[in-house]
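Hi,

Here is the structure I said I'd pass on. Have a look at it, and my notes follow below.

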Amino acid sequence: MSEKSTPLLAVLQLLRKYNLKGTEEILRKEASLGDVEYETLDLPEVEIASILTAHHTESDPYSYEFAYESLKKFIENSLDIYKHELSTLLYPVFVHMYLLLILYDHNEHAAKFLEKFGPEQEDYYQEDLTKLSIIKNKDQIKGNELAEIYSTNKFEVQLSRDASSQLKRFLHEQKNSTVIINIINNHIQIEVHDGPGRSQAQVRATAGGLLGEATKNENRTKVCYGLLKEPDIHVLPVPVEDEEEAEETPDKPKKKKAKKDNIFMKKPKSDPNAPPNDRIPLPELKETDKIEKVKALRAKRVQLGPDCLPSICFYTLLNSGTTAICADICDDSTLLSVGFNNSTIKVWTLTPVRLRGMKSAEKLQDIDKEAGDVLVRMMEEKDRDTCRTFYGHSGPVYKVGFDQFKTMLLSCSEDSTIRLWSLQCWTCLVVYRGHVWPVWDVKWSPHGHYFASSGHDRTARLWATDHHQPLRIFAGHLSDVDCIQFHPNSNYIATGSCDRTVRVWDCLTGSQVRIMTGHKSSIFTLAFSVCGRWLVSGGSIGDILVWDISNGSLTATLPPSHTAPVHALAFSRDGTILSSGSLDCNIKLWDFTLITDETLSEETGNASSAPKDEKYLLRSFATKNSPIKSLHFTRRNLLLGVGTYEGSS
């Protein structure tokens, strides 16, 4: 019985003790308390006394203001080494005092309390306080999303051992500290760490989560962030190479290319952090898929760096107003799909090769199914278009995504469904129903077959194309899960949410392996680095954070340069350049090698003391007035962007 220590049960036990049966019966009926609950009343004397004295002080509206002011004064007068950590207590104590005042019907006092101390709270909590200020009486607490989150979960606060003992001493010496002690016992989880107290910058870097910071234990699980071995690469190298050589030049370049392939083969094999290849079942590649994969590896890639920045090709959607919501470009950069507000999806070809439709059922019967080029024979010769439209959703389309081999397209919508479309017969193949509210994001696994979705129902889900129901449901976020991203090895999924946390989930077990706090706003986009160790997240105030998946720590906060939500992040194919696109109509290029090298040199103790923040940003490119919907690096490291022209402002 979780509610044993409520004042009601303490009063009932007291009435039973003094044999006041009549009053006891009336109170039981009014509180509609079951027999089982009543029979198990066995609170110790000490607890009854403490509950009733606490109730007495808690019901006094003036004690709250006095207690909060004394706590604030104590923190302000503390030494700097403790002050910044202790200050993280102020917000949760303030929120629970406000809710308790409402609970005890001191509504006017609650309003004054909020008005007096609300503006002092951290800037990133102001939006939450606005939502809490809607509560004017105790009946409104139940329906308020934030109030329920704070009532049913504990707020995480990390203090050094010394700061914790300072706090204990203060609470012990302070006369009217019962209110604070009860709030800390019931609603705040204090995690004590060894070592010195943290500085203001260190505390602020990890603050901002809806329920405070992440605990150390939550990030202790080992994450196999390495890349999988590529078993299919050395199946085909020789024949494809011969074909290319026959077209281009004679023997000599062969040897050079073969060496390159060996590098591709060895790299994954020597990765000690990679999960076993059979950790999760991955689909067998077809022969055509293998050829496509080898083509991707053979593309003559431009080596990017601070001295060699990528060219940018920007696709602007004209006359679409604000109706285009999302866009995606396929892996080989030949197709572009856009999801619209009016429930439609359009697919354009970006090359002179037009989109071909499928032959009618009668004509398909005459085709030799065993032929090697059966897929080509299925297509209609005359029926060729530069653009095709998909109809089926009954709400705005929030995300579209091509699979690795551009045979299928996924989309998700406000209608709470995910649809799988065929890019060969241009029709909807499956409708996946599982989410009960709008689905904000959907992403393919890098190895195909699996995909993941996230939505307004606060969950993320893992699906397989051949199952109607999700294989895993990842629950833990406290608010909408706005974005989702697969790890390059397909074993993990990262999610970003309105609760201002980034979480990483294990696809095999379904458990949460990382929770990372530090964002001060909702998270709208995520991108894993090419090597799989780093995760980059972009927020609604233009903030971009880099996380180290190996231990869940914040690696870098990129200097603020975007002035609007970041909706697109993309890594160059060699992982040296990070590009970010925002609704402020700007694309920024960042030196990702410099960011990670600094972290790695800090680990080995060779960090230079000079701040390099300003050197991270390499270049900024502005569009005329087109907010960026999507960014994509081609196999040769050309950066493609997509945006909607919104007219001259």
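Accessible areas here come from the Shrake-Rupley method with a 1.4 Å probe, and for residues only the protein chains shown count as cover. On that basis the protein has an accessible surface of about 31,500 Å², with 53% of it belonging to carbon and sulfur atoms.

Before you dig in: this is a predicted model, where local features need pLDDT of at least 70, side-chain atom pairs count only at pLDDT 80 or more, and totals for chains, interfaces and linings use all residues. Residues are numbered from 1 along each chain as its sequence is written, and side-chain values use heavy atoms, leaving out hydrogens and water.

Of the 649 residues, 51% count as buried (under 20% relative accessible area; exposed is over 50%, partly exposed in between, 1.4 Å probe, protein chains only).

Now the rings. The whole structure holds 19 aromatic pairs (Phe, Tyr or six-membered Trp rings with centres within 6.5 Å; planes under 30 degrees apart are stacked, over 60 edge-to-face, the rest tilted). Y432 and F451 have ring centres 5.0 Å apart and planes at 65 degrees, so they are edge-to-face. Y432 is buried at 1% relative accessible area, and F451 is buried too, at 0%. F451 also pairs edge-to-face with W444, at 6.0 Å centre to centre and 65 degrees between planes. W444 is buried at 11%.

Elsewhere, ring pairs link Y91, Y124, Y125, Y150 and F155 into a cluster. K520 sits over the face of Y124, 5.4 Å from the ring centre (NZ of Lys or CZ of Arg within 6 Å of the centre and within 35 degrees of the ring normal).

Cheers
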